[in-house]
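Visitor: I am new here and would like to know what the labels on a structure rest on. Could you show me around?

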Amino acid sequence: MNLGPAKMTCLHRKIVKTKTNKRLIKLYLNSQLEWGDKDLKKMKESLRHLLRIQQESRCIFCRRPIKKERKNSTEDIEHFLDKSKKHYKRWAFHPLNLTLACHPCNMQKTTIEMGDNSVKLSPWIYSGMGTFKWLHPYFDNYHDNIEIEKGWFYRVKDNAPNAIAAHNMINECKLDSISEIEKESDI
């Protein structure tokens with residue numbers, strides 16, 4: 001079963017690098033625009049489109065298909081390092097911080113602190129900048145760490161390179177409850 005990419009790549013980097021979007025991002029970072037501002041709508045739609053293609057329309061966390069709905073009600077642009085935290089706001093539009101998540105997974109993650117002090121203080125996002133609480137979508141290979149068995153049963157793989165982050169993600173995102181949810185939806 002195809003469950004999306006093992007790791008993300010920055011196909012959407014070109015969107016945030018346009019002159020217009022750089023200007024909008026600067027306004028956002030200076031608190032002159034809010035995340036929900038209509039001026040950001042076009043850029044966010046472009047980001048959604050490329051992320052949806054790369055993720056094969058699957059949630060970055062649970063890997064279930066995300067149904068395309070009116071007004072994107074079933075998916076959220078996911079900020080791995082939460083944009084509402086002062087120390088991560090600067091990365092709200094950084095390509096290595098953006099993915100798509102289904103709304104339920106995004107609500108489970110909410111504002112969990114995903115980085116240790118090294119991550120919080122780092123001037124750049126890069127592999128090895130510190131320790132992440134969950135698997136990082138650009139730096140960790142999902143399929144090397146988590147196995148999804150038939151019926152949506154999630155388990156940390158034997159000899160997983162980042163077993164602690166995989167375990168945290170399964171536990172805190174409540175991926176271990178999805179099998180029951182799926183059973184009920186089938187009925």
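Guide: What follows is a walk through some of the labels and the values behind them. This is a predicted model, in which local features need pLDDT of at least 70, side-chain atom pairs count only at pLDDT 80 or more, and totals for chains, interfaces and linings use all residues. Residues are numbered from 1 along each chain as its sequence is written, and side-chain values use heavy atoms, with hydrogens and water left out.

Visitor: Where does His136 lie, and what does it touch?

Guide: His136 is in the loop between α5 (117–121) and α6 (142–145). Helices (H or I, at least four residues) and strands (E, at least two) are DSSP runs, numbered from the N terminus. Not counting residues up to four places away in sequence, His136 touches Phe80 and Leu96, where contact means heavy atoms within 4.5 Å. Its side chain also reaches the backbone nitrogen of Tyr138 at 3.0 Å.

Visitor: What makes Asn159 exposed?

Guide: Asn159 has 81% relative accessibility, so it counts as exposed. Asn159 is found in the loop between β4 and α7, and has a positive phi of about 60 degrees although it is not a glycine.

Visitor: Now the charges. How do you know that Arg48 and Glu75 form a salt bridge?

Guide: A salt bridge is a side-chain nitrogen of Lys or Arg within 4 Å of a carboxyl oxygen of Asp or Glu. For Arg48 and Glu75 the N to O distance is 3.1 Å, and the side chains meet in a salt bridge. Arg48 lies in helix α3 and Glu75 in strand β1, so the pair ties together parts that are 27 residues apart in sequence. Both residues are buried.

Visitor: And what about Arg155 and Asp158?

Guide: Their closest N and O atoms are 3.9 Å apart, and they form a salt bridge too. Arg155 has a relative accessible area of 30%, so it is partly exposed, whereas Asp158, at 63%, counts as exposed. Salt bridges that share partners join Glu147, Glu149, Arg155 and Asp158 into one network.

Visitor: Let us turn to the rings. How many aromatic pairs are there?

Guide: The structure holds eight aromatic pairs. One of them is Trp35 and Phe93, with 5.3 Å centre to centre and 35 degrees between the planes.

Visitor: Why is that pair called tilted?

Guide: Rings of Phe, Tyr and Trp (its six-membered ring) pair if their centres lie within 6.5 Å; planes under 30 degrees apart count as stacked, over 60 as edge-to-face and the rest as tilted. The planes of Trp35 and Phe93 are 35 degrees apart, so the pair is tilted.

Visitor: Then what makes Phe80 and Phe132 edge-to-face?

Guide: Their planes are 70 degrees apart, with 5.7 Å centre to centre, so the pair is edge-to-face. Phe80 lies in the loop between β1 and β2 and Phe132 in the loop between α5 and α6, so the pair ties together parts that are 52 residues apart in sequence. Both Phe80 and Phe132 are buried.

Visitor: How do you know that Lys89 sits over the ring of Tyr28?

Guide: A charge sits over a ring if NZ of Lys or CZ of Arg is within 6 Å of the ring centre and within 35 degrees of the ring normal. The charged end of Lys89 is 5.0 Å from the centre of the Tyr28 ring and sits over it. Tyr28 also belongs to one aromatic cluster with Trp35 and Phe93.

How values were computed. Polar contact = N/O pair within 3.5 Å; in protein donor to acceptor, adjacent residues only side chain to side chain. Buried < 20%, exposed > 50% of the residue type's maximum accessible area, 1.4 Å probe, protein only.
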